[in-house]
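Good morning. I will take a few minutes on one chain. Please have a look at the model first.

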Amino acid sequence: MPQGFVRAFILGSSPINEQDKFVFLLSQEKGFLKAIAPGSLKVKNRFGSLFELFTKGEFSCYWKENKEIITISKGEIIKSYFNTVSNPENIFYFYLISEILLKSLAPNQQDKRVFKLMESILNNRVEGVEINFLLLYFLIWILRIEGMMFNPSICYNCFLKDINKAWVKNNFRGILCEKCKSNEKFTLNTEELNYIKWTEKNPPKNSNIWKNKIDINKMIKLFVKKIESHTESTLKSSRYITELN
Ligand SMILES: [Zn+2]
């Protein structure tokens with residue numbers, strides 16, 4: 001049976017039976033992985049707090065040929081984000097982020113940018129960047145990585161370039177110029193379109209420069225709805241976030 005090490009973030013878990021649970025991992029090298037952690041639900045178990053949401057760990061595992069599910073034999077914490085993630089100010093945002101990752105990452109999705117994105121979101125929160133900015137940055141990037149982000153410069157209908165006010169199509173697949181708009185619900189102004197372009201080249205660290213320039217709540221709502229529309233599902237954790245209600 002092949003064996004190896006996986007460096008990954010914990011995305012969540014679900015019980016299999018009274019003793020064991022499935023653990024969902026976002027790994028650095030292999031993308032999304034589903035693992036069995038034998039004995040992890042026993043009161044005394046060898047994993048301790050290894051499986052807290054978004055803990056970064058190194059896991060020793062083995063797998064059967066042709067099987068997608070790996071088995072974790074042991075592991076150690078590389079970095080715990082427990083204090084940040086479980087803080088009442090942040091917890092529901094991280095629930096939503098993990099729900100989105102679990103819904104949108106396909107097994108065998110090996111894009112290394114997702115792991116890097118998550119690392120950047122967590123470290124920037126530890127360093128004090130506001131959580132709503134980080135959620136917005138995450139939403140735009142996960143759509144971009146999945147190939148679902150619209151081009152913020154071009155009208156979807158008439159290909160007019162460099163538009164400075166946009167109406168987002170009701171199916172969220174593109175933006176329209178003033179001439180092509182009809183009954184769209186969401187609009188984006190120049191600064192908001194520029195912010196989307198800015199995220200392409202810049203880390204979230206200096207998000208603060210956009211404060212009072214963009215409507216963060218509206219944008220979070222827009223991109224959550226866009227993800228719901230693409231995944232054809234409702235994101236349950238979104239109901240706990242003030243911006244979305
Ligand atoms: Zn147009």
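I start with the largest nonpolar core, which has 67 residues; Leu 25, Leu 26, Leu 136, Phe 138, Leu 139 and Phe 223 touch the most other members. Such a core is a set of buried Ala, Val, Leu, Ile, Met, Phe, Trp, Tyr and Cys residues joined through C-beta atoms within 7 Å. Buried means that 20 or more other C-beta atoms lie within 10 Å of the residue's own, with C-beta atoms placed from the backbone. Helix H4 (residues 131–145) gives the largest share of this core, 11 residues. Helices here are DSSP runs of H or I, at least four residues, and strands are runs of E, at least two, numbered from the N terminus. Domain 1 (3–80) and domain 2 (86–244) both contribute residues, so the core lies between them; the bounds come from an automatic or database domain assignment.

This is a predicted model: local features need pLDDT of at least 70, side-chain atom pairs count only at pLDDT 80 or more, and totals for chains, interfaces and linings use all residues. Residues are numbered from 1 along each chain as its sequence is written.

Back to Phe 223. Apart from neighbours within four places in sequence, Phe 223 is in contact with Leu 139, Ile 140 and Leu 143. Contact means C-beta atoms, placed from the backbone, within 7 Å.

As for the whole chain, there are 6 helices and 8 strands. From the N terminus, their order is β-β-β-β-β-α-α-α-α-β-β-β-α-α. Buried residues make up 32% of the 245 residues.

Definitions and conventions. Buried ≥ 20, exposed ≤ 12 C-beta atoms within 10 Å, placed from the backbone. Contact = placed C-beta atoms within 7 Å.
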